[in-house]
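Please have the sequence and the structure open while I talk.

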Amino acid sequence: MLEWVTFAPIICLLICSSVALPSQQAVNASNDNFKQQTQATKNQREELVPKTTRVYKMGILKVPTNTRLVRLYNKNGYFLKISTAGRLRGTRRIDNPNTLIVMESMGPSIVRLKGVVSKTYLCMNDEGVCHIMTQPSDECLFKEKLGANYFNTYASYKYSGKNPGNITQEFYIAIKKNGKLKHGANTAMIQKSVDFTVVPQKKRRSSG
């Protein structure tokens with residue numbers, strides 16, 4: 001009788017514990033359900049922005065907040081030209097239709113440059129080489145910075161800090177003295193070739 005009285009509280013405690021505490025299997029199932037719900041929410045958010053450009057990972061806006069019709073005049077005496085024919089280069093003729101550029105604001109001091117006639121975007125790859133794309137990607141984003149000399153510079157946003165060739169470690173859009181676009185790896189902020197003046201243009205009214 002004494003032994004039963006001694007072990008009775010212990011048996012009662014074990015029974016109560018088994019009822020109150022969830023099984024390990026139930027805990028694992030609950031954790032798996034939570035992870036699935038979290039992943040589903042994340043997938044829904046990512047579906048809001050196309051994954052083809054990876055821009056969404058940078059916090060850059062999908063739609064421009066502002067657009068300006070401009071021409072970009074380089075300090076070496078050339079207008080930046082965005083066309084589908086031939087190599088990218090500058091031209092001294094302001095009346096060249098390929099010098100008309102739509103500057104799209106994609107974030108604080110972040111822009112895209114789109115040719116009005118060619119309907120293509122000026123972009124830059126990881127080696128600092130400029131190229132064009134019909135559909136914009138993160139390689140078409142540039143950091144716009146106004147220098148102390150009141151000229152703007154345009155450096156690759158995606159590959160910022162990855163150019164060991166200069167102090168700022170930036171790949172800049174630049175036009176050489178012969179009008180050709182300079183390799184971004186050979187550019188530096190102190191060079192005339194990276195300096196541009198933004199020349200605003202009046203937007204054309206659509207007829208009809």
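Is Tyr-73 buried, exposed or partly exposed? Bearing in mind that this is a predicted model, Tyr-73 comes out as partly exposed, because its relative accessible area is 32%, which falls between the 20% and 50% cut-offs. Phe-79, by contrast, is buried, at 8%, and these two residues form a tilted aromatic pair, with 4.9 Å from centre to centre and 55° between the planes.

The count of aromatic pairs is 2, and the other one to look at is Tyr-154 with Phe-196, whose ring centres are 6.1 Å apart and whose planes meet at 70°, so that this pair is edge-to-face. Since Tyr-154 belongs to strand β9 (residues 152–156) and Phe-196 to strand β10 (residues 196–200), the pair ties together parts that lie 42 residues apart in sequence, and both Tyr-154 and Phe-196 are buried.

Staying with rings for a moment, Arg-92 is placed over the face of Tyr-78, 4.1 Å from the ring centre.

Now to the cysteines, where the count is 1 disulfide: Cys-123 and Cys-140 are joined, with 2.0 Å between their sulfur atoms. The torsion about their S-S bond is about 65°, and the disulfide is therefore right-handed. It links distant parts of the chain, as Cys-123 sits in strand β6 (residues 121–124) and Cys-140 in the loop between β7 (130–133) and β8 (142–146), 17 residues apart. Both of these cysteines, Cys-123 and Cys-140, are buried.

Cys-130, finally, takes part in no disulfide, the nearest cysteine sulfur being that of Cys-123 at 8.8 Å, and Cys-130 counts as buried because its relative accessibility is 16%.

Technical notes. Residues are numbered from 1 along each chain as its sequence is written. This is a predicted model: local features need pLDDT of at least 70, side-chain atom pairs count only at pLDDT 80 or more; totals for chains, interfaces and linings use all residues. Side-chain values use heavy atoms; hydrogens and water are left out. A disulfide is a pair of cysteine sulfur atoms within 2.5 Å. Helices (H or I, at least four residues) and strands (E, at least two) are DSSP runs, numbered from the N terminus. Buried means under 20% relative accessible area, exposed over 50%, partly exposed in between (1.4 Å probe, protein chains only). Rings of Phe, Tyr and Trp (its six-membered ring) pair if their centres lie within 6.5 Å; planes under 30 degrees apart count as stacked, over 60 as edge-to-face and the rest as tilted. A charge sits over a ring if NZ of Lys or CZ of Arg is within 6 Å of the ring centre and within 35 degrees of the ring normal.
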